[in-house]
Amino acid sequence: MSSDTTTKNKITIEFDDQTPRWFMIASITWGVVAMLVGVICAFQLNFWQVNGHIFEMMTSWLPERFQFKSDGIEYLTFGRLRPLHTNAAIFAFVGNMMFCGIYYSTQRLCNARTFSDVLSKVHFWGWQLIIVGAALTLPAGLTRGKEYAELIWPLNIAVTVIWVIFALNFFLTLKVRREKSLYVALWFYIATIVTVAMLYIVNHLQIPTSLVHAYPVFGGVQDALVQWWYGHNAVAFFLTTPILGIMYYYLPKAANRPVYSYRLSIVHFWSLVFIYIWAGPHHLLHTALPKWLQLLGVFFSLMLWAPSWGGMINGLLTLRGAWDKLRTDPVIKFFVAAITFYGMSTFEGPLLSIRSVSALAHYTDWIVGHVHSGTLGWNGFMAAGMFYWLAPRLWGKPLYSKTLANFHFWIGLVGILLYVASLWFAGVIQGLMLNETDATGTRLVNEFVQTVDKIQWLMLFRAIGGTLYLTGFLLLVVNIYKTAKSGSPVNETREVFDDPDMKKDQMTWGAAFRNDPVTYTFWGIFFAILWIFLPPGASHMALVVTLVFAYLAVKRFRANTATWSKWYDDVSENYLPFTVLVIIAVALGGVIQIMPTITVNRAANVEDRLQTLYTPLELAGRDLYVSEGCYNCHSQMIRMLVPDVLRYGEYSRLGESIYDHPFQWGSKRTGPDLAREGGVRGNDWHYLHMLNPRAINAQSRMPNYPWLFQKEIDFKVLPGKIAVQQRIGVPYPIMTPDEIEQGAREQALAIAKTLVDAQVNIPVGKDEKEPATETEARDHLASKQIVSLIAYLQKLGSSEPVEEVEAAPTKPQGIMPGIPDELRVVKPEVAPETEEN
């Protein structure tokens, strides 16, 4: 790892800059892919033909013999491409950028070469193979059906293994470091590594049914909570904390100024990693999630304003005395704009967690705009600034063109502002129109499709904004390529002092944890948790005790400031105790939120309704629904809001999705909610709607699904799927494989008969024979995937009354104030003989 010794304690080391160079190239490459797919998805929401018919559109101007003809390409629909876009943007673009920044900065902050070149290479190539696997499986419809966690189980295992290799390499580099104290950036890297590992493993617990399919062990409300505990904190600890670490290293380097406030960075770090983990439930406001969890999410989300803006202020004030560089240096331009977007996004996030604001914004495009202001504005601009700063150092030549970099900044800024502003307006318009009622408050004013038509121009501007952003990024590709071509790969060498007697990592576990800071923090948090869970009276006492401990901690700190400061200085010189403290801080919130739902999410503890089990055929249809990515556009959760109840029916109960593995509550309504779709329309309506949505509504943006009418149901896999469902707690009765298959075939034949009776058009494949009789037509349809999907759609909303329900209070708990009595659904008391009838 090191070369010739020049003096007694002075050595020359050569940093491994090949690894950051590789990750940088990979990030730029996958960034283009992610943004291109994102632009395609944006245009799909304006023009349905882009869903699987894009090549037909592109060749329509050619002579007929050269035109591309097809019934549609299943791999290019919005439901298939949207997960590819999000995973490519998060794990391929930002992930590779994060690894690039961490590998480069960690070596400098530790004054040591990365511990193992072999581990670095395995990490790089393993991560790229995972991304290629995702790029192949997601468009093929192989997905887990959970946002930001769609990858199938073999890829999940690969991600875990590669992450462990990355963590091992990182922590062993900390162990051999030649710097006594851990710099701020390393704190954020540590938090990223341990928290992402925890989140990823818990949310991806599953039992496989085949090499490419599995069911998550969590279901219903518990799966919803675990998913958004993961989903929210994937944003926090994959898209935020590592990028903050990068900010704390690269911004001072670019500005040639020290970080504004070390003390503020301490407060920023610890408050952020502790508070962020609790905020996930704000994604599930007004749903069947228990009310206390919703309020907990809101409370901690609002608290995030302080640490988030503390970090933004610390970043911007680092530029004190260097603001003149903003006029000429594109790197500073990108960093300042990125930090500003970080501040804007972290203000908007807590705002959207307020219940009244969530009632307007949730399920609309406002949320999509919020996410992209963070991903493209914060992550994308930080990536561009870091790449422009790194390129001359990695290839030994000045940046090819600052003018081109400045042009990239302005076209990218205009693009992201146009993108985000369009979605802000679209989201507010959607929310207002969908929630609007007449003067009596009992009738809706607008149909769902009217909102789609109303925002079509805004959606087009969104696509144009995304195209501008992509264009700017392509300028970065040219600039970095020209810079690399003009130079050659170089690895920095540096003379460092190697002091074998340096006292680091010698803190005992007792010294780390048996002290005033840890003691007062532990008991303060303990009684604060009791305040949340205890009943009135006892909770008030717990609150008083919490405040007493807070007062005593402040008093003790003022009396022994030097002792408390010395303890933290010692901890920051010992990476293992520091890491354990981080693990405790982030694990606490997850355990307290998730564990109680283990008892809540049981049939014995539900409200007045319990979900009816899916038949084997319906389960096959549900898996098809997930595979096609329908959850990207349709929710299955009617919120406790008057407009939702008026539009879709009674609000969704906790027990009505208890056996859903995975849950399908959704996060965006590009189309209407489907929670109570079953029985509302006939089988022939669903058949025609999937074959050609324009036959139902001429303005529909939904793609055609002709392949569902050609592909056959795989009845043979159903016994294995039912067996796994039984293992994860779904109370299916004991059935033989023959009984499962026979039941599915009989139900398929029954649905097919209704379609034949309705005289639907039956498309046939090139190698298939046209059915000559009604029996042949029925048998033909009964084997097709469309029948299983219809079976599933007709089951949605099906439930059974719980036989023993406690007497309901006058006003049901958890109902949002303002719902009229006639919309509140309480199981009526009936005579025993009526129940028997």
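This note sets out, point by point, the main features of a predicted model.

1. Basis. Local features require pLDDT of at least 70 and side-chain atom pairs count only at pLDDT 80 or more, while totals for chains, interfaces and linings use all residues. Residues are numbered from 1 along each chain as its sequence is written, and side-chain values use heavy atoms, without hydrogens or water.

2. Domains. An automatic or database domain assignment supplies the bounds: domain 1 covers 319-498, domain 2 covers 509-581 and domain 3 covers 614-801. The centres of domain 1 and domain 2, taken over C-alpha atoms, are 39 Å apart.

3. Nonpolar cores. A nonpolar core is a set of buried Ala, Val, Leu, Ile, Met, Phe, Trp, Tyr and Cys residues joined through side-chain atoms within 4.5 Å; buried means under 20% relative accessible area (1.4 Å probe, protein chains only). The largest core has 226 residues, of which Met24, Trp127, Phe237, Phe387 and Tyr687 touch the most other members. Helix 3 (residues 78-110) gives this core its largest share, 19 residues. Helices are DSSP runs (H or I, at least four residues), numbered from the N terminus. A second, separate core of five residues includes Leu434 and Phe448.

4. Phe387. Beyond its neighbours within four places in sequence, Phe387 is in contact with Met24, Ser27, Ile28, Met97, Cys100, Leu476 and Ile480. Contact means heavy atoms within 4.5 Å.

5. Helix 10 and Arg355. Buried residues of helix 10 include Leu293, Gln294 and Val298. Arg355, in helix 13 (residues 355-361), has contacts that include Gln294, Leu295 and Val298, leaving aside neighbours within four places in sequence.

Key: Buried means under 20% relative accessible area, exposed over 50%, partly exposed in between (1.4 Å probe, protein chains only). Helices (H or I, at least four residues) and strands (E, at least two) are DSSP runs, numbered from the N terminus.
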